[in-house]
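Let's take a walk through this model, starting with its aromatic rings and ending at the ligand. Have the viewer open as you read.

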Amino acid sequence: MNISIIGSGYVGLVSGACFAELGNQVICADNDTKKIRDLKKGILPIYEPGLEELIIKNLKNQRLKFTSSIKDAVGASEIIFIAVGTPALKNGEADLTGIENVACSIAVNMNSYRLIVEKSTVPVETCAWIKKTITTYVKKNHKFDVVSNPEFLREGSAINDFTHPDRIVLGVETVRAKQIMTKLYRPLNRPILVTDIKSAELIKHASNAFLATKISFINAVARICDRVGADVKEVAEGMGLDNRIGRYFLHAGLGYGGSCFPKDLDAFITIAEKLGYDFEILKAVRNTNEDQKRFIIQKIKDALWIVKGKLITVLGLAFKPNTDDLRNAPSFDLIKALIQEGARIKVYDPEAMEKAKKILKGVIFCKDAYQAARGADCLIVATEWNEFKELDFVRLKKTLKRALVIDGRNIYDSQQLKKLGFTYIGVGQGNG
Ligand code: NAD
């Protein structure tokens, strides 16, 4: 099938590369001309495991193309995915300017029937607005359908998530749209849930909000664990073994971040408010998350006594492992708060250093964890990269000025570190 994807970021590139790999002809478009110039040469703007190989392979066999001309993309393909960013405005609402721009471009450039697929995460009723916009600006009354097809991939495992999703959600309102979309996704051989458009839009917001709720819930339980000397890892395991609860998203830590949860939660709360419903649970989830970041900073202060003048190592900058995405990374809140207190900060991240150097000022960037730890009064883990799980703590002890580990992601065995002579402080492990 001929597909165009407008917006070549994490979602657009992964979707485009995977659809091409399935044998479709795909054009990925973006209004960032430098990004497109680089992509044409096989240079990726993001780190995502396996994506570079997939893009280069499909560029070579000419199933995947890149363009900065939305007009060309719209002209060439029957199916057009919208995968542009939908960041949060100051008031929490989703900024849908990009969606509207793309809808207008589609309207003026389509030359026959088009199926417009909304893949960006958007508030309920956005597809209705896309439809209205296209109807307003379309020339010659060409027919079109709009579909909501929310994306559930996670950065860091995006290709596998895209090709092996738990479910594919299709919000449709015509038989034609349903047929085209089910044909497109059939090769994946995964469960397809077909709903009306508004329900599909809500499935995405409700799913992300629920996952964020699980994280805030376990972080709140961790606070109780700290107070009574229980271990949140064991509590989470005991809860997660119950199939009704499940073990995913029950890891206490620095709180959630990234480009999705914070903004999607804000957008869901705001759209609910507009619809006359006060989504109190989600407000509590958001507050708990913010409070969790402050709580970890307090733990650090309590351990160091005086923060001013201390040299602190922060391992991990990306909001989660296996990505270089720094959007709303909890590490940044931590670092900013510590700098404000007068600390000097050394940082290391396996993949996010290049991006971080452009936006994070006043820190020392190091080539590895050991260099970052040299002479430091405290080592903090902010992202649970695998390579941090395998650090040589005997070597680290020799290089640190003080053997103090603040494990913001609960990745270490506290007993082992204590045996080696470290002071270990985790989250919800009865030691804080
Ligand atoms: P991104 O910022 O990585 O990519 C968005 C791309 O859209 C950018 O390259 C930008 O240049 C381009 N763009 C913006 N406006 C445009 C326009 N008018 N015309 C053409 N291109 C335009 O964003 P992302 O992380 O890929 O997210 C895209 C959407 O998918 C968001 O709504 C997000 O919430 C949702 N989503 C993201 C993830 C994720 O893990 N990143 C997962 C599921 C859903």
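**Rings first, then the ligand**

Searching the whole structure turns up ten aromatic pairs (rings of Phe, Tyr and Trp, the last by its six-membered ring, with centres within 6.5 Å; planes under 30 degrees apart are stacked, over 60 edge-to-face, the rest tilted). Take F19 and F81: their ring centres sit 5.2 Å apart with planes at 35°, so this pair is tilted. F19 belongs to helix α1 and F81 to strand β4 (residues 79–82), so the pair links parts 62 residues apart in sequence. Helices (H or I, at least four residues) and strands (E, at least two) are DSSP runs, numbered from the N terminus. F19 is buried at 0% relative accessible area (buried is under 20%, exposed over 50%, partly exposed in between, with a 1.4 Å probe and protein chains only). F19, F81, F162 and Y185 make up one aromatic cluster.

This is a predicted model, where local features need pLDDT of at least 70 and side-chain atom pairs pLDDT 80 or more, while totals for chains, interfaces and linings use all residues. Residues are numbered from 1 along each chain as its sequence is written, and side-chain values use heavy atoms, leaving out hydrogens and water.

Now for the ligand. There are 28 residues around the ligand, and D30, K35, T86, E155 and K263 come nearest (near means a heavy atom within 4 Å). A polar side-chain atom of K35 is 2.5 Å from a ligand oxygen atom, and a polar backbone atom of V11 is 2.9 Å from an oxygen atom of the ligand.

Terms used:
A polar contact is a pair of N or O atoms within 3.5 Å; within protein, one must be able to donate a hydrogen and the other to accept it, and residues adjacent in sequence count only if both atoms are side-chain atoms.
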